[in-house]
Amino acid sequence: MSEVWIQEEQLNAEFYEMVGHYVQLEGTIDSVYFISETMESDDDRDEQRDFLLAFLIKQDRYPLYLTFLCDDMMAEEFEKEFNELGIEYRYELLEEKQAYYTFFKRVTYHPRCFTLPIKDARTLSLALEHTFYLANMNEFYSLSYSKNLNFKLKKVKEWGRWKNVSIPIFKTEEDTTFITIFHDGAGFFLYSNEDKYSSIQKVCSTFPEDSKVVQINDRLLDI
(Lines give C-alpha, C1' and ligand atoms only; values in the text may rest on other atoms or scores of the structure.)
Protein backbone atom coordinates (compact mmCIF):
# COMPACT_ATOMS: atom_id res chain seq x y z
CA MET A 1 0.00 0.00 0.00
CA SER A 2 1.32 3.43 -0.97
CA GLU A 3 0.24 6.66 0.67
CA VAL A 4 0.50 9.60 -1.70
CA TRP A 5 0.69 13.37 -1.46
CA ILE A 6 -0.18 15.34 -4.60
CA GLN A 7 0.19 19.08 -5.00
CA GLU A 8 -0.62 21.34 -7.94
CA GLU A 9 2.29 23.65 -8.76
CA GLN A 10 2.52 27.14 -10.25
CA LEU A 11 5.22 27.91 -12.80
CA ASN A 12 7.09 30.73 -11.12
CA ALA A 13 10.64 31.51 -9.98
CA GLU A 14 10.13 29.66 -6.70
CA PHE A 15 9.02 26.54 -8.56
CA TYR A 16 12.02 26.52 -10.93
CA GLU A 17 14.39 26.96 -8.00
CA MET A 18 12.75 24.00 -6.26
CA VAL A 19 12.96 21.79 -9.36
CA GLY A 20 16.70 22.36 -9.73
CA HIS A 21 19.05 21.63 -12.65
CA TYR A 22 17.94 24.95 -14.21
CA VAL A 23 15.13 23.12 -16.03
CA GLN A 24 13.53 25.21 -18.77
CA LEU A 25 10.37 24.79 -20.84
CA GLU A 26 10.19 25.77 -24.49
CA GLY A 27 6.50 26.54 -24.88
CA THR A 28 3.62 26.37 -22.43
CA ILE A 29 2.47 23.63 -20.09
CA ASP A 30 -1.08 23.31 -18.80
CA SER A 31 -0.53 21.35 -15.58
CA VAL A 32 2.31 20.54 -13.20
CA TYR A 33 1.99 18.37 -10.07
CA PHE A 34 4.36 17.30 -7.33
CA ILE A 35 3.69 13.68 -6.34
CA SER A 36 5.35 11.90 -3.42
CA GLU A 37 5.02 8.58 -1.64
CA THR A 38 4.83 9.53 2.05
CA MET A 39 5.21 6.22 3.89
CA GLU A 40 8.45 5.53 5.76
CA SER A 41 9.75 1.98 5.71
CA ASP A 42 12.22 0.19 7.97
CA ASP A 43 13.50 -2.04 5.20
CA ASP A 44 15.80 -1.19 2.30
CA ARG A 45 13.14 -0.73 -0.38
CA ASP A 46 13.11 2.53 -2.24
CA GLU A 47 9.48 3.55 -1.73
CA GLN A 48 9.66 6.52 -4.07
CA ARG A 49 11.12 4.45 -6.89
CA ASP A 50 8.61 1.66 -6.34
CA PHE A 51 5.66 4.05 -6.48
CA LEU A 52 7.01 5.78 -9.59
CA LEU A 53 7.43 2.39 -11.26
CA ALA A 54 3.90 1.31 -10.29
CA PHE A 55 2.51 4.62 -11.54
CA LEU A 56 4.26 4.33 -14.91
CA ILE A 57 3.22 0.69 -15.35
CA LYS A 58 -0.38 1.69 -14.61
CA GLN A 59 -0.21 4.25 -17.45
CA ASP A 60 0.74 1.39 -19.83
CA ARG A 61 2.18 3.78 -22.43
CA TYR A 62 5.26 3.13 -24.53
CA PRO A 63 7.75 4.07 -25.75
CA LEU A 64 8.86 5.96 -22.67
CA TYR A 65 12.19 7.78 -22.88
CA LEU A 66 14.37 7.65 -19.77
CA THR A 67 17.19 10.23 -19.78
CA PHE A 68 19.95 10.70 -17.21
CA LEU A 69 23.43 12.21 -16.92
CA CYS A 70 26.54 10.58 -15.47
CA ASP A 71 30.34 10.74 -15.53
CA ASP A 72 32.71 8.62 -17.62
CA MET A 73 33.47 5.98 -15.01
CA MET A 74 29.79 5.37 -14.27
CA ALA A 75 29.01 5.35 -18.00
CA GLU A 76 31.26 2.36 -18.59
CA GLU A 77 29.44 0.42 -15.89
CA PHE A 78 26.04 1.38 -17.31
CA GLU A 79 27.04 0.27 -20.80
CA LYS A 80 28.15 -3.09 -19.43
CA GLU A 81 24.94 -3.53 -17.41
CA PHE A 82 22.65 -2.48 -20.26
CA ASN A 83 24.38 -4.83 -22.70
CA GLU A 84 24.08 -7.73 -20.25
CA LEU A 85 20.42 -6.95 -19.55
CA GLY A 86 19.53 -6.42 -23.21
CA ILE A 87 18.40 -2.83 -22.59
CA GLU A 88 18.54 -0.57 -25.63
CA TYR A 89 20.36 2.72 -25.09
CA ARG A 90 22.18 5.57 -26.76
CA TYR A 91 24.35 8.32 -25.35
CA GLU A 92 25.94 11.60 -26.31
CA LEU A 93 28.67 13.75 -24.81
CA LEU A 94 27.45 17.14 -23.62
CA GLU A 95 29.36 20.38 -24.22
CA GLU A 96 29.82 20.96 -20.51
CA LYS A 97 33.16 20.09 -18.97
CA GLN A 98 33.49 18.66 -15.47
CA ALA A 99 36.52 17.47 -13.52
CA TYR A 100 37.66 15.04 -10.85
CA TYR A 101 41.01 14.59 -9.16
CA THR A 102 43.27 11.59 -8.82
CA PHE A 103 46.41 11.41 -6.69
CA PHE A 104 48.44 12.65 -9.63
CA LYS A 105 46.33 14.97 -11.77
CA ARG A 106 43.10 16.76 -12.54
CA VAL A 107 40.98 14.88 -15.09
CA THR A 108 38.39 16.71 -17.19
CA TYR A 109 35.54 15.06 -19.07
CA HIS A 110 32.23 15.74 -20.79
CA PRO A 111 29.17 14.36 -18.95
CA ARG A 112 27.36 11.61 -20.80
CA CYS A 113 23.67 11.86 -21.51
CA PHE A 114 22.06 8.42 -21.73
CA THR A 115 18.64 7.90 -23.29
CA LEU A 116 16.82 4.58 -22.94
CA PRO A 117 13.81 4.06 -25.25
CA ILE A 118 11.67 1.81 -23.05
CA LYS A 119 9.07 -0.31 -24.81
CA ASP A 120 7.61 -2.57 -22.10
CA ALA A 121 7.08 -2.89 -18.35
CA ARG A 122 9.87 -5.44 -17.87
CA THR A 123 12.48 -3.12 -19.37
CA LEU A 124 11.07 -0.21 -17.38
CA SER A 125 11.43 -2.16 -14.14
CA LEU A 126 15.02 -3.16 -14.92
CA ALA A 127 15.97 0.35 -16.00
CA LEU A 128 14.68 1.98 -12.82
CA GLU A 129 16.22 -0.73 -10.65
CA HIS A 130 19.68 -0.10 -12.13
CA THR A 131 19.61 3.69 -12.56
CA PHE A 132 17.25 5.37 -10.09
CA TYR A 133 19.97 5.75 -7.48
CA LEU A 134 21.28 8.57 -9.69
CA ALA A 135 18.11 10.53 -8.92
CA ASN A 136 18.74 9.90 -5.22
CA MET A 137 22.18 11.45 -5.79
CA ASN A 138 20.56 14.51 -7.42
CA GLU A 139 21.86 13.78 -10.90
CA PHE A 140 19.52 14.89 -13.67
CA TYR A 141 16.92 12.16 -14.32
CA SER A 142 13.74 12.35 -16.38
CA LEU A 143 11.12 10.27 -18.19
CA SER A 144 9.05 11.45 -21.15
CA TYR A 145 6.47 10.05 -23.57
CA SER A 146 8.08 11.95 -26.45
CA LYS A 147 11.53 12.96 -27.69
CA ASN A 148 11.16 16.50 -26.36
CA LEU A 149 14.40 17.02 -24.41
CA ASN A 150 17.68 18.64 -25.37
CA PHE A 151 20.55 20.26 -23.47
CA LYS A 152 22.09 23.67 -23.99
CA LEU A 153 25.27 25.00 -22.44
CA LYS A 154 24.60 28.16 -20.44
CA LYS A 155 26.58 30.27 -18.02
CA VAL A 156 25.14 30.45 -14.48
CA LYS A 157 26.39 31.84 -11.19
CA GLU A 158 26.85 29.34 -8.36
CA TRP A 159 28.43 30.12 -4.99
CA GLY A 160 29.65 33.46 -6.30
CA ARG A 161 31.37 31.98 -9.36
CA TRP A 162 30.30 31.75 -12.99
CA LYS A 163 30.32 28.34 -14.63
CA ASN A 164 29.00 26.65 -17.76
CA VAL A 165 26.36 24.00 -17.09
CA SER A 166 24.10 21.79 -19.19
CA ILE A 167 20.56 23.15 -19.08
CA PRO A 168 17.75 20.62 -19.79
CA ILE A 169 15.16 22.18 -22.09
CA PHE A 170 11.80 20.44 -22.62
CA LYS A 171 9.79 21.31 -25.73
CA THR A 172 6.16 21.37 -24.59
CA GLU A 173 4.08 20.54 -27.62
CA GLU A 174 0.50 19.29 -27.73
CA ASP A 175 -0.05 16.04 -25.77
CA THR A 176 3.28 16.44 -23.97
CA THR A 177 3.74 14.54 -20.69
CA PHE A 178 7.04 14.14 -18.86
CA ILE A 179 8.52 13.68 -15.40
CA THR A 180 11.50 15.08 -13.49
CA ILE A 181 12.66 13.91 -10.07
CA PHE A 182 12.69 16.01 -6.89
CA HIS A 183 15.77 16.46 -4.67
CA ASP A 184 17.19 13.21 -3.24
CA GLY A 185 14.63 11.24 -5.25
CA ALA A 186 11.90 12.28 -2.77
CA GLY A 187 9.00 12.42 -5.21
CA PHE A 188 8.55 13.61 -8.78
CA PHE A 189 7.07 16.40 -10.88
CA LEU A 190 4.51 15.48 -13.53
CA TYR A 191 4.19 18.00 -16.37
CA SER A 192 1.43 17.61 -18.95
CA ASN A 193 -0.65 19.21 -21.68
CA GLU A 194 -2.92 16.16 -21.88
CA ASP A 195 -6.53 16.17 -20.74
CA LYS A 196 -6.10 12.96 -18.73
CA TYR A 197 -3.77 14.87 -16.37
CA SER A 198 -5.63 18.20 -16.46
CA SER A 199 -6.82 18.10 -12.83
CA ILE A 200 -5.74 16.58 -9.53
CA GLN A 201 -8.80 14.32 -9.58
CA LYS A 202 -7.91 13.00 -13.04
CA VAL A 203 -4.30 12.38 -12.05
CA CYS A 204 -5.39 10.53 -8.91
CA SER A 205 -7.57 8.27 -11.06
CA THR A 206 -4.39 7.07 -12.81
CA PHE A 207 -2.65 6.01 -9.59
CA PRO A 208 -2.09 2.29 -8.90
CA GLU A 209 -5.03 0.51 -7.25
CA ASP A 210 -3.04 -0.30 -4.10
CA SER A 211 -2.38 3.38 -3.32
CA LYS A 212 -4.39 5.99 -1.45
CA VAL A 213 -4.15 9.75 -1.51
CA VAL A 214 -3.56 11.11 1.99
CA GLN A 215 -2.90 14.76 1.14
CA ILE A 216 -4.02 17.13 -1.64
CA ASN A 217 -2.13 20.41 -1.67
CA ASP A 218 -2.15 21.59 1.97
CA ARG A 219 -5.19 19.53 2.95
CA LEU A 220 -4.76 16.29 4.85
CA LEU A 221 -7.47 13.79 4.02
CA ASP A 222 -9.37 11.99 6.75
CA ILE A 223 -9.10 8.47 5.41
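Modeller: A strand here is a DSSP run of type E with at least two residues, numbered from the N terminus. This is a predicted model. T115 lies in strand β8, residues 112-118.

Colleague: Why is T115 called buried?

Modeller: Buried means under 20% relative accessible area. T115 has 8% relative accessibility, so T115 counts as buried.

Colleague: What does T115 touch, leaving out residues up to four places away in sequence?

Modeller: Contact means heavy atoms within 4.5 Å. T115 touches Y65, L66, T67, Y89 and R90 on that basis.

Colleague: How many disulfides does the structure hold?

Modeller: The count is 0. A disulfide needs a pair of cysteine sulfur atoms within 2.5 Å. Take C70: the closest cysteine sulfur, in C113, is 9.1 Å from its own, so that is too far for a bond.

Colleague: Is C70 buried or exposed?

Modeller: C70 has a relative accessible area of 4%. The limit for buried is under 20%, so C70 is buried.

Colleague: What makes α3 and α4 roughly antiparallel?

Modeller: Helix α3 (residues 72-85) and helix α4 (residues 121-131) pack at about 155°, with axes 12 Å apart. Angles over 145 degrees count as roughly antiparallel, and therefore α3 is roughly antiparallel to α4. The crossing of α3 past α4 is right-handed.

Colleague: Which residues meet there, α3 against α4?

Modeller: From α3, F78, E81, F82 and L85. From α4, R122, L126, H130 and T131. The contact residues divide into 4 nonpolar, 2 polar and 2 charged.

Key:
Residues are numbered from 1 along each chain as its sequence is written. This is a predicted model: local features need pLDDT of at least 70, side-chain atom pairs count only at pLDDT 80 or more; totals for chains, interfaces and linings use all residues. Side-chain values use heavy atoms; hydrogens and water are left out. Buried means under 20% relative accessible area, exposed over 50%, partly exposed in between (1.4 Å probe, protein chains only). Axes are lines fitted to C-alpha atoms, for helices over the stretch in contact, and angles run from 0 to 180 degrees between N-to-C directions. Helices (H or I, at least four residues) and strands (E, at least two) are DSSP runs, numbered from the N terminus. Angles under 35 degrees count as roughly parallel, over 145 as roughly antiparallel, 65 to 115 as roughly perpendicular and the rest as oblique. A crossing is left-handed if the near helix is turned anticlockwise from the far one by less than a right angle, and right-handed if clockwise. Ala, Val, Leu, Ile, Met, Phe, Trp, Tyr, Cys and Pro count as nonpolar, Asp, Glu, Lys and Arg as charged, and the others, Gly among them, as polar.
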